Amino acid sequence: MVATFAHTVAMNDPSRLIELGRAVIETEMAAIAQLVTRIDASFVEACRHIMACRGRTVVIGMGKSGHIGGKIAATLASTGTPAFFVHPGEANHGDLGMITAGDVVLALSNSGETDEIVSLLPIIKRLGIPLIALTGSSTSTLARAATVSIDVSVEREACPLGLAPTASTTAALAMGDAIAIALLEARGFRKEDFALSHPGGYLGRRLLLRVEDVMHTGAQMPRVETDTLLAAALVEMTQKGLGTTAIVDADNRVLGIFTDGDVRRALDAGIDVHRASVGSVMTRGGKTIGPDALAAEALQMMETHKINALLVTDKNQCLLGVLNMHDLLRARVV
């Protein structure tokens, strides 16, 4: 009854809810701030063990620490450090075989006395592999058994009852991120490397997709020769549906481009579309790009020059394809 009454009072008092929310954030900010001085020789040693690892970094943790451990493993794996999470309960019942002699174990336990992790320590020692501990107790069983122990203790949890892991899990997560990003820099990990592990994401599409992957070629490519009547060029543009056509010579070398804008200008000038050649009204040259260029580069060119289409050519200016803004939109580069 008391708990229900307190809950009702809090819900009916917006200022109290704001006060509680801000108190949690402030407590967790303080917990993270305390970690700055703990980036020390132990942190360096932990990073060196992971860098020297011939296998993978195996992250273990129970309960909320396990959830944090899963996120740390994912961050390591996506930033150039092969890693995966193993549930210590499952490891005690068969999954321990996933840990091999060439690995490094990163164990998370705020108390440092988690039974499921402590029971694995003799096996880890027998394998002779480095054990890195993220723990809130430097005198715990885990800390004493570890090759390297990093202090992630907090003065208090953000939970007013002091029970729910809040500030302690935030501190462990922040330290895990610090390790992952320090290793990223040490390995010379680049944006392109990140994209390779995220091919379906926005960054992957921007960094990996090339012009040749999205351009129109062959029969889909609008093109006419310079002496083609303007009326026939309009038919070509309409049939191919790209709002433009390339103008080429007999050897397929690009001479210019004819766009919807050129059509409007020609009509405004009173040009007879049945008598004039497209070469007489085309935009000479036009912007071109190579097939190996990144699609993001094509987007930048279009935005810079305020155009909606590009001709794709080889080093001899022979036409290879046509690309427009809609192609980039469909590829989700924009």
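Predicted model: local features only at pLDDT ≥ 70, side-chain atom pairs only at ≥ 80, totals over all residues.

**Entry 1**

**Entry 2: The nonpolar cores**

Next I looked up the largest nonpolar core, which holds 26 residues. Leu 108, Leu 134, Ile 150 and Ile 179 have the most contacts inside this core. Two or more residues each come from helix H3 (41-52), helix H4 (63-78), strand S3 (104-109), strand S4 (131-135), strand S5 (148-151) and H9. Which element gives the largest share of this core? I found that H9 does, with 6 residues.

I followed Ile 179 in detail. Setting aside residues up to four places away in sequence, Ile 179 touches Phe 43, Cys 47, Ile 50, Leu 134 and Ile 150. Another core, of 17 residues, lies apart from the largest one, and Val 58, Ile 99, Ile 117 and Leu 121 are among its members.

**Entry 3: Ile 132**

I turned to Ile 132, which I located in strand S4. Is Ile 132 buried or exposed? With a relative accessible area of 0%, Ile 132 is under the 20% cut-off and therefore counts as buried.

I listed the contacts of Ile 132, leaving aside neighbours within four places in sequence. They are Ala 46, His 49, Ile 50, Val 104, Val 105, Leu 106, Ala 107 and Val 148. I also compared Ile 132 with Ser 42: the two are 90 residues apart in sequence, and their C-alpha atoms are 9.6 Å apart in space.

**Entry 4: The open sheet**

I then traced an open sheet of 4 strands, in the order S6-S7-S8-S9, with mixed pairing. Its edge strands are S6 (223-225) and S9 (283-284), each of which pairs on one side only. Strand S8, residues 254-259, runs antiparallel to S9, and 2 bridges join them. Opposite Gly 256 I found Arg 284, in S9.

Two helices pack on this sheet, and I noted each in turn. Helix H13 (residues 230-240) touches S6, strand S7 (244-248) and S8, and its direction makes about 75° with that of S8. Helix H14 (residues 260-268) touches S8 and S9, and its direction also makes about 75° with that of S8.

**Entry 5: The hairpin of S11 and S12**

Last, I looked at strand S11 (residues 309-313), which pairs with S12 in the antiparallel sense over 5 bridges. Thr 313 has Leu 319, in S12, as its bridge partner. The hairpin has 5 residues between its strands, and there Gln 317 takes a positive phi near 65°. How many residues of strand S12 (residues 319-324) are buried? I recorded 5 of its 6 residues as buried, so the strand is mostly covered.

How values were computed
Residues numbered from 1 in each chain as written. Heavy atoms only, no water. Buried < 20%, exposed > 50% of the residue type's maximum accessible area, 1.4 Å probe, protein only. Pairing = 2+ DSSP bridges. Core = buried A, V, L, I, M, F, W, Y, C linked by side-chain atoms within 4.5 Å. Contact = heavy atoms within 4.5 Å. Axes fitted to C-alpha atoms, helices over the stretch in contact; angles between N-to-C directions.
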